[in-house]
Amino acid sequence: MRIRRLSAFFWATCIIAFLFILYVVTDLSFKLPSIKPALVEPDDIVEQSQEVHPPLRRPKPVFKEKQREFKVVGDEPPRMHKKINMSYCPILKTSKTDVQMLSMYDRIMFDDIDGGVWKQGWNIEYKENQWSSKNKLKVFIVPHSHNDPGWIKTFENYYKAQTKAIFANMVEKLKEGVGRKFIWAEVSYLALWWSTDATNKEKEAFKSLLNSGQIEIVTGGWVMNDEASSHWLSIAQQLTTGHQWLIDNLGYLPKNGWAIDPFGYSSGQPYLLKLTGLENSVIQRVHYRVKKELALHRQLEFKWRQVWDGVGKTDMFTHVMPFYSYDVPHSCGPDPKICCQFDFKRLPGNGITCPWGLPPRKIILKNVNERASMILDQWRKKAQLYRSNVLMFPLGDDFRYDRANEWDNQYQNYEMIIDYINNKNEWNTVVEFGTLQDYFKALHEEVKLSDFPVLSGDFFTYADRNQHYWSGYYTSRPFYKNMDRVLLAYVRAAEIITSQACSSHSVNHITALQLRDRVEQARRMLALFQHHDGVTGTSRDEVREDYAKKMLQAIKHSQSAIQQAAYHLLKQPFIQDQVQDDVYFDVDDIWRRHDEIPSRITIALDVMSPSRRLLMYNALPFKRTQVVTVFVSTPHVEVYDPEGNPIMAQISPVVAGEKRLGFAANKFHLSFPVTVNSLAVTVYTVTLRDNMSINKYTSYSHVRIYNADYWSVDLPKMFAVEQPTARLSDDVTVQAGKSCRLIATQNGLLKAIVSTDGKTTPIHMDYVQYGTQKGPDNNSGAYLFIPDGPATAYKADAFPEIVITEGPFKATLYSGLISPNKAEIVLAMSVYYNPSLPQSEVEISNTFLIDPSVDDLELAMRFSTVIKNGDVFYTDINGMQMIKRRHFEKIPLQANFYPLPAAAYIEDESSRLTLLTSTPLGMAALQSGQIEVMQDRRLSRDDNRGVSQGVLDNVRTRHTFKLIVEQANNPCAPKSPEQGSGQLTLGAHVSQQLLLQPIITMHYTANENYPRPAYSRSIFSAADVVLASYHSHITAKNKDGLSSVGMGMTLQRVHLDACYGERAVAQFYPPGDGQIPLTDLVDVPPDSVFESSLTFVAIGNPVPDSVVTLCPMEIRSVFINQTIKRN
């Protein structure tokens, strides 16, 4: 009997073991329930400023809950990443550059010696025997017309008045002579002409000239973008917009860059141009003393290398024009008095003259020898500044060649000069009309690339003459600079979510095209504003208004596309009483006017409409957790998470006001933590709570009111309110739950930040103001910053009204800093309790208006600390990378201001202070331990740079900053003094991404019994990866010239500084390993991914297994081919 039992036990064990082995081998998996998107009712609530519009009363429909669907989880085994060798990465290597711009600034004296005819240079000499029959001077005359897409006139008005005629003449006049050439840059104008006025005959003529090389399209961007304030994501967008138009309409790929008018040059731009497939570039507006230094060493042509690149992978060959301007008088040679005589548009009778009093003369047989000899002398002198016998002479200016007689005058006169010189053998010179491609081809045939110097760094801040530094435009018209960043976030979110909807086949073909067109319209408006007179704030008032109205429309297009794509990704939940066919959800960001700070939706809840659902879309490629705040009409609410469970939340009164603070009636802030996965849509629910029931989850802020004993406070009784009658005379402390604490002065300004472990970092905050010099032709304006001395204190009224609201998730200090006849500033400083980002961080919001009665005032915010950074500080380059700067006493105060597109920091051996900004502005670090950021400027005078007006169109503006204190993580290797780059920490980078790309919140009403919809496809999350763009409809060419259609994606992997910051951040925001499996990120067939140029026009090799490998700081683009049909 015992043996029988043992035998039974043995065989039972065998059967169980067999079943277990069978389970493992076949990879069985359980089926778990998934939530099906819900049917929802339409949204009726839109908040109007301070008003709350109650919902329409209607009977509640009765719904039957549908059976939930089930899906298989774990059908695919987790991807095993191969460990890759990153030792080849450029950032991990070191190399010596020939010219490092920061070292040059340290070395040279910024003198302003009169150089004679070349005022900012010297008297150039040459030897007649430099050239011979075997060593001739080769001159390329490059006709061009610089067309600003908005400046003195609007984009459309310029087109109607001048640009349209330029194109019409171009296709006629270039055919009239042998060897005539022309270059064109601004694709926005070309696209407008092509779609409105160009006849089929003109289109064919243009294509023929393009294909023959008589016309070259240079750079090929939608505009010639600004390089100081523009974000690199926007620059990539404008380049892509231009290149995609070119390949769609002309099958053309640009090869050379042309940026003659941006006011200083970013080192990020050549990297982006390199990634588009461009091989060479031309720039012009470089500091006059820097030009002289480069010219002295024949370094005006160089390989421009990224400051972090140790191997030269990013090198872009760059040509710098040597003289004052790109106009004809400053292009043929060093003497503008002579060169102007060869600008044949200035022939007598054409309405434009030479300022030097010597007009051009028509070239005839009688004078051709003398005239040809004269200009040849200038060409020979100019050639002394370069390393080759190949010379470029740009022949053009703003909006040139708009009249037929200018084409005739320029080309016919130069044709006579060309023929004469080419037949004068003893002059050993060959002259021809050329394009940039012609010039660079001849140059590289003569001189090896290795014989040119390597340069790293950038060309800020630009000065065209002594003391005249162009650092004012970093801040001019800041409202619209901020609007630019808002639009960038919307365009980026719109293109990503619409691409997700297309790649997942959530939309049909017609809807996909509608979404594409809406996003493309928004993208083109964003691209247009990147123009170097757009985001810079340097256009006339009516042009600035035109840009702003276009951006407003673009924001609305983006919002429309986002909510419609979200609706389809969520499997089209039913919308009852839908007002518009394609409006399903309300985006919680209401832009009513192009010149007003947007408002927010107030969620109005009552017994007829007791709940509201909030969709949260995360357009970042990593999971994010943060505290969000929405507006509600009642304090009696509860919040439910995506699973329908109640969560902790906080209610605070809304503090409003401009000149004086106060509480908004029937409006409250509801703050609660949300978590949204990478590229996901999730839902939270706000529900009316029975105020008689026990409240377990909603907390109410503690409210303190200072210097306002005259207020009659009428808040609901659940708020604990302190309102002392005495004036505030001590510091105050503000804290949210277990967050860091901020200490503020009795004036409501930041004094210190106390970390969660009790370490106090003193930070003295104040506002300062600058005036302007008022000498003849020597004052601040839209471009220039010429202060009348160091900043003085901005003195607000004593005892400002201060309100503090504190709760478990968010605490805010508001102060009204009003200075009559100067400015109104409402300062809001907030700290959040967010365990996923455990760092000492304060959010600072400045809402301000400079008084319209002020003539000349520039407002700045300053932070002073005990950090011993000396004269070294770091700023970002177009939001792409950090670069080392130094404050120099030998140059004027205004020369020490630099662009602040996104971030800056100062550091010493023990700590770092980082400032992140929502708005591109100007900044400086004028003393050790200090960071100063300009806020706005109001100037009554023109600065004589062409715009012919001051800056007097100020509007109420809001900037948001993140101030982060980080301690050093010792031991850490000291930085080399030669190291020109810097990096943000992981925590600062995450905060920067959250600030740049906010969660998109959308509202709708649904029956409580409906399942909560959600979309979460991505299983990839890496905090050091930036998803720069994801285009749903693009055209590309492969190596054989065959066109394909598909989708395009651009990714960046940032390099992070581990020497500072909270290491715990990496637990919640882990960086990746440099490998990005696209199939883990989006819906993409693994065999359809190819390497691509930045603008997706050129396809490379297949990407194995669709895994994109990125070095730190590297940007890579891929093309997802949808041309190939699969069974």
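Which residue of β14 is the bridge partner of arginine 305? It is serine 456, and the pairing around this couple is a handy way into the fold. The model is a predicted one, so local features need pLDDT of at least 70 and side-chain atom pairs count only at pLDDT 80 or more, while totals for chains, interfaces and linings use all residues. Residues are numbered from 1 along each chain as its sequence is written, and side-chain values use heavy atoms, with hydrogens and water left out.

Arginine 305 and serine 456 belong to a parallel pairing of β10 (residues 301-305) with β14 (residues 454-456), made over 3 bridges. Two strands are said to pair if DSSP finds at least two bridges between them. Both strands sit in an open, mixed sheet of 6 strands, ordered β4-β14-β10-β11-β9-β8. At its edges stand β4 (99-100) and β8 (256-259); each has a single partner strand, so one side of each has no neighbour in the sheet. For the whole chain, the tally comes to 18 helices and 56 strands; these are DSSP runs numbered from the N terminus, with helices being H or I of at least four residues and strands E of at least two.

Now for the inside. The largest nonpolar core holds 282 residues, and Leu190, Phe206, Trp379 and Phe459 touch the most other members. A separate core of 34 residues includes Val628, Val655, Phe672 and Val703. A core here is a set of buried Ala, Val, Leu, Ile, Met, Phe, Trp, Tyr and Cys residues joined through side-chain atoms within 4.5 Å; buried means under 20% relative accessible area, exposed over 50%, and partly exposed in between (1.4 Å probe, protein chains only). Leaving out residues up to four places away in sequence, phenylalanine 459 touches Met101, Gly264, Tyr265, Ile283, Val286, Val290, Leu294, Phe302 and Trp304, where a contact means heavy atoms within 4.5 Å.

Further along, serine 845 lies in β38 (residues 840-850). Serine 845 is buried, at 13% relative accessible area. With the sequence neighbours up to four places away set aside, serine 845 touches Val826, Leu827, Ala828, Arg958, His959 and Thr960.

Zooming out, 64% of the 1127 residues count as buried. Of the contacts in the chain between residues at least 6 apart in sequence, 76% join residues at least 24 apart. The C-alpha trace spans about 120 × 85 × 60 Å along its principal axes.
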